[in-house]
Amino acid sequence: MSSIAQSQAPLNGASQSRPIAIANWLLSVAFLVFVMVIVGGITRLTESGLSITEWKPIMGAIPPLNEADWQSEFEKYKQIPEYIEITGPAGMTLADFKFIYFWEWVHRLLGRVIGLAFALPFLYFAVKRAIPSGYGWRLTGLLFLGGLQGFIGWWMVSSGLSELTDVSHFRLATHLLMALFILACLVWTALDLKRLDGGAAKPSRMTGFGLAVAFVLFLQLLFGAYVAGLNAGYVSNTWPLMNDHFVPEGIDFTFGAWAAINNDPYLTHFIHRWWAWITVGFLIVLARKVRGQSRMASVAIHSAFGTQILLGIATVMTGMDITLAVLHQAVGALVVASTAWGIHILGRDNPAIVKA
């Protein structure tokens, strides 16, 4: 890794730095991560995540090619609790299995594509000594996070293969939040590089208010992941009340408040539903703060959280319509990207450099 990080140095006394090209590449990878979040949502909502019971980083890219292969994969799936306790008794057929297998396979294949889409250009820019000074280690870190995300994905899936009939909602939350963190880092680094090309001397920094916004949004995303992992969206299809109550009935405090906050579907749904408005308040302030420097960023933040609120309400009131639920997750990723943009603007030393 050290040779890659050092490859930022000038070649033959003249800088070969290409910040715009690298920024555009990172934004392309960010788009792929955004698509990955969408496909991950579909995989989750179609209960497809446990259909592939083995982790084969290379050979797993090849799907079953004949009927014998399909039967073999189906037999492996029949050994896990999800099939034994849920889908088997429900009468799952091979055709049903092929459907859920498809979405998990696409999800994993896209992960491989993202890995190559990052690693190969990174190697190219390093060999060409095109990485600006100070960015080699940052790009190496992003490469590491991508590899870690692949491991987290399998760690999540493995939690549902032996005892549980679903994946651990804690591991699912880790997997989703890591994807969104990588998305934010890609956007942030691309914005730094665009400003470097425009003459900015220093990368943007994290301000105190920016950190507060990030923390508030993190909690909202965390409870959104809990809602997904616990299937808590199904506990109420009314809004603003939950089954005719502001605080829903049925919350289990048997093991204490902390256990309920992290495990009870009624309470996690309730928190996700109302913490959203605290998040909106912080995002409104963020959008107002950055409007003077970038009206486009301000509009992006407002548009993202406004659409997200409407989609969240619609998803609840339709009893978790899958299309709306997937859109809700997709726009959640756009909220993260636009928030990263806004926080980045807050931390700039020279706001006169307007690029991005």
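Is Leu65 buried or exposed? I looked: Leu65 is exposed, with a relative accessible area of 65% (exposed is over 50%, buried under 20%, partly exposed in between, with a 1.4 Å probe and protein chains only).

The model is predicted, so I kept its limits in view: local features need pLDDT of at least 70, side-chain atom pairs count only at pLDDT 80 or more, and totals for chains, interfaces and linings use all residues. Residues are numbered from 1 along each chain as its sequence is written, and side-chain values use heavy atoms, without hydrogens and water.

**Surface.** I placed Leu65 in the loop between α2 and α3 (67-77).

I then checked the largest pocket, with a volume of about 1100 Å³. Of its 45 lining residues, Met36, His107, Gln149, Gly150 and His175 are closest to the centre. A pocket is an open set of 1 Å grid points with protein on both sides within 12 Å along at least five of seven lines; a cavity is a set where a 1.4 Å probe fits but cannot get out; lining residues have an atom within 4 Å of a point. α6 gives the most to the pocket lining, eleven residues.

**Cavity.** My search of the whole structure gave one cavity of 30 Å³ or more. The largest cavity holds about 840 Å³. Its lining has 40 residues, with Gly224, His272, Gln308, Gly312 and His328 nearest the centre. α10 gives the most to this cavity lining, eight residues.

Key. Points joined across faces, edges and corners; volume = space filled by probe spheres on them. Helix = DSSP H or I, 4+ residues; strand = E, 2+ residues; numbered from the N terminus.
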